[in-house]
Amino acid sequence: SDKYSVVCANIVADVILMLLENVDDFMTDDGILITSGIINIRKDDIIDGFKKFGFEVLEEHNKDNWYAFVCRKGK
């Protein structure tokens, strides 16, 4: 029943996509979602998932074909 201002997920893309469906239930209204562990070939799938579930990408980071994103729920 708690809500958090920051939620982090460092795991494969398929799990992040499942998480997006209801992660905002556990986030404060101004909460931030940080995701990482996303291989470059799954980047577009994750970005599409963010859009589908109403998340706005604030930052995108890349190192050695791995991605991390900082997002918040669109208002």
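**Close-up views of a predicted model**

Asparagine 65 sits in the loop between β3 and β4, where helices (H or I, at least four residues) and strands (E, at least two) are DSSP runs, numbered from the N terminus. This is a predicted model, in which local features need pLDDT of at least 70, side-chain atom pairs count only at pLDDT 80 or more, and totals for chains, interfaces and linings use all residues. Residues are numbered from 1 along each chain as its sequence is written, and side-chain values use heavy atoms, with hydrogens and water left out.

**View A. The loop between β3 and β4 holds asparagine 65 and aspartate 64.** The strands on either side are β3 (55–63) and β4 (66–73). Asparagine 65 has a positive phi of about 70°, even though it isn't a glycine. Aspartate 64 isn't a glycine either, and its phi is positive too, at about 50°. How exposed is aspartate 64? Its relative accessible area is 61%, so it counts as exposed; the cut-offs are under 20% for buried, over 50% for exposed and partly exposed in between (1.4 Å probe, protein chains only). Asparagine 65 comes out as partly exposed because its relative accessibility is 44%.

**View B. Lysine 43 is part of helix α2.** Is this lysine 43 buried or exposed? Lysine 43 counts as buried, because its relative accessibility is 19%. Which residues is it in contact with, leaving aside neighbours within four places in sequence? Lysine 43 touches Ile38, Glu60, Tyr67 and Phe69, with contact meaning heavy atoms within 4.5 Å.

**View C. Aspartate 48 also has its place in helix α2, which covers residues 43–52.** With a relative accessible area of 47%, aspartate 48 is partly exposed. Valine 7 is 41 residues away from aspartate 48 along the chain, and the C-alpha atoms of the two are separated by 19 Å.

View D. Cysteine 8 is in no disulfide, and its nearest cysteine sulfur, that of cysteine 71, is 12 Å away. As for cover, cysteine 8 counts as exposed because its relative accessibility is 57%, while cysteine 71 is at 0% and so counts as buried.

**View E. Stepping back, the protein has 2 helices and 4 strands.** Reading from the N terminus, the order is β-α-β-α-β-β. Along the principal axes, the C-alpha atoms fill a box of roughly 35 × 20 × 20 Å. A compact globule of 75 residues would have a radius of gyration near 11 Å, and the protein agrees because it has 11 Å; this radius is taken over C-alpha atoms, and the globule rule is 2.2 Å times the number of residues to the power 0.38. Of the 75 residues, 31% count as buried. Take the contacts between residues at least 6 apart in sequence: 56% of them join residues at least 24 apart.

Definitions and conventions
A disulfide is a pair of cysteine sulfur atoms within 2.5 Å.
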